[in-house]
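These are my notebook entries on a single protein model. I record what I looked up, entry by entry, with the criteria applied.

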Amino acid sequence: MTKKFSLITLTAMLFFSTMFVINPGLNLSSSGGSTAFAEAPGKSASAFDRKITARFSSDNAMEHIYHLSVEIGPRVAGTEEEWETAEYIQNELESYGYNTHIQEFGIPDRVEGSLTASYTDDAIPMRLATGSAGTDAEGLTAEIYHAGLGYPEDFTEEAEGKIALIQRGGFTFWEKTVNAAEADAAGVIIYDNSASSNPFTPSLGGNVAPVPVMGITMADGEAMAAAAAEGHTATIQVTAFENQTSPNVIAVKEPKGGPPTGEDPEIVYVTAHFDSVPGSPGASDNASGTGTALELARIMKAYPTEKEIRFVFVGAEEIGLLGARHYVSELSDDEISRSAANFNMDMVGTAWEQATALYVNVVDGQPNAVWQAASAAAERLGNDTLVLFQRGASDHVAFHDAGIDAANFIRREPGTASLEPWYHTPEDTFDKISQERIQEAGELIGSAIYDFSSRTVPGRGPGGR
């Protein structure tokens, strides 16, 4: 009896020692975003993993991504398109056999806009300043006045009634805006002073501008400056939205045996946001995570698990993680105490060639239960793409802040941690999704979730065996 116990104890200790090994030379607490790579590929997937790998269909996931990014398109928080997406997700989940419910929550008033010009047929990507004034439904059309850096002396009487084009730099955006308004300019467009693929958001320091204010890239600004010399016009359209709401969609997979009658089980959250930024079809960000999570919900419905799994699809992520924060805020103390892990998927399917790594972002940079489950699954599946990284900026933050082990799965370039160049732009389209990477993410993350949810004792097989 003693020998048997000692052997089992030694085996368990050896198992646990391998589960927690990372490179000791790495500083995982650095605020700059430290990394640790998963162990090298190990044995092929177990029969247990093949319940996921053999059933996960990237064809199904791609159909979801196509519907969200092409047939619905941009899904901005609070819009009809965001609500249409929630209804689609709910219908899909119910077709799998889940009972679902919609959780509605209020969102802050916001402004949304567009920028066009007479010298191009394409809309010009821009970001509105918080505190920008609005326009009427037709928008504001006026000649472009190039005002250099926007000093008072850069404005002449000719600026009156025109849209001031101002270069970034020298002093604050608010001061530039004040100078333009005092010269009776009708609007302000500030262009970047360094190259970037995406426009920036001018900060007005909490002030409310008397005119519309937006930011654009350096390349677009230089093109507009050249067009201003030829007398071209620009059209700014800014609409204010008030008293809007956004939805979360929740489906619960009960643990083995149905709803608990005795001791309540632990809870595992599988999450993805389905809203997008204005003007972006959001194929990668985040129809890819949503489509993958929907397919995992489908294939896991039939399998018994020891833990309760909640599939939580959230809205309004792009305006401050509002859906996830609202969902977590509504959890009871008992639910928080039973919460074991949050597996969050965001941008898991980009076809950008440089994004060869699947980053596991954790807020504090430390290996937690989600990283351990994913790393173990990667070793079983022979997958060496995982990178542990310190970063928030997605819905896992809300769960982490509540004391729940949480991580965000996202495709990035190894080393630089860069995202795809079309991130948050109109170019985030369906044709830039890799079905192969969707399949890889579904198999790996799905195996990690299923293994984690199907055992009661860490380091043992299904059901604690």
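In which helix is N286 found? I located N286 in helix 7 (residues 283-300); helices (H or I, at least four residues) and strands (E, at least two) are DSSP runs, numbered from the N terminus. I note that the model is predicted, so that local features need pLDDT of at least 70 and side-chain atom pairs count only at pLDDT 80 or more, while totals for chains, interfaces and linings use all residues. Residues are numbered from 1 along each chain as its sequence is written, and side-chain values use heavy atoms, with hydrogens and water left out.

**Entry: backbone exceptions**

I checked the peptide bond from D285 to N286 and found it cis, with omega near 5°. Most peptide bonds are trans, and most residues other than glycine have a negative phi. I then looked up two positive phi values in residues other than glycine: D184, near 65°, and A417, near 60°. D184 has its place in the loop between helix 5 (173-182) and strand 7. A417 lies in the loop between strand 16 (406-412) and helix 12 (435-453).

I also compared their accessibility with the cut-offs: buried means under 20% relative accessible area, exposed over 50%, and partly exposed in between, with a 1.4 Å probe and protein chains only. D184 counts as partly exposed because its relative accessibility is 46%. A417 is buried, with a relative accessible area of 10%.

I traced an open sheet of 7 strands in the order 3-9-5-6-7-8-4, with mixed pairing; two strands pair if DSSP finds at least two bridges between them. The edge strands are strand 3 (110-117) and strand 4 (127-128), each of which pairs on one side only.

I followed the sheet through strand 6 (residues 163-167), where 4 of the 5 residues are buried. Strand 5 (residues 140-146) runs parallel to strand 6 and is joined to it by 3 bridges; H146 stands opposite L165 in strand 6. Strand 6 pairs with strand 7 in the parallel sense over 5 bridges, and I163 stands opposite G187 in strand 7. Strand 7 (residues 187-191) is in turn parallel to strand 8 (residues 213-216), with 4 bridges between them. There I190 stands opposite G215 in strand 8.

**Entry: helix 8**

Which residues of helix 8 are buried? In helix 8 (residues 322-329) I found G323, A324, Y327 and V328 buried. These residues are on the same side of helix 8 because they cover an arc of only 125° around the axis, the arc being that of the directions from the helix axis to the C-beta atoms. I listed what covers them, including strand 10 (245-253), strand 11 (267-273), helix 9 (333-338) and helix 11 (396-401).

**Entry: aromatic pairs**

Rings of Phe, Tyr and Trp (its six-membered ring) pair if their centres lie within 6.5 Å; planes under 30 degrees apart count as stacked, over 60 as edge-to-face and the rest as tilted. Y269 and Y327 form an edge-to-face pair, at 6.1 Å centre to centre and 75° between the planes. This pair links strand 11, which holds Y269, to Y327 in helix 8, 58 residues apart. Y269 counts as buried at 0% relative accessibility, and Y327 counts as buried at 5%.

I looked next at Y327 and F399: their ring centres are 6.4 Å apart and their planes are at 40°, so the pair is tilted. Y327 lies in helix 8 and F399 in helix 11, so this pair ties together parts 72 residues apart in sequence. F399 counts as buried, with 1% relative accessibility. I also noted that ring pairs link F48, Y303 and Y450 into a cluster.

**Entry: charges over rings**

A charge sits over a ring if NZ of Lys or CZ of Arg is within 6 Å of the ring centre and within 35 degrees of the ring normal. I recorded the charged end of R110 over the ring of F241, 4.4 Å from its centre. I recorded K176 over the face of F171, at 4.3 Å from the ring centre.

**Entry: nonpolar cores**

A nonpolar core is a set of buried Ala, Val, Leu, Ile, Met, Phe, Trp, Tyr and Cys residues joined through side-chain atoms within 4.5 Å. In the largest core, of 59 residues, I found that L93, M300, F313, F343 and F409 touch the most other members. I also found a second, separate core of 19 residues, which includes M126, Y191, I216 and A225.

Notes:
Contact means heavy atoms within 4.5 Å.
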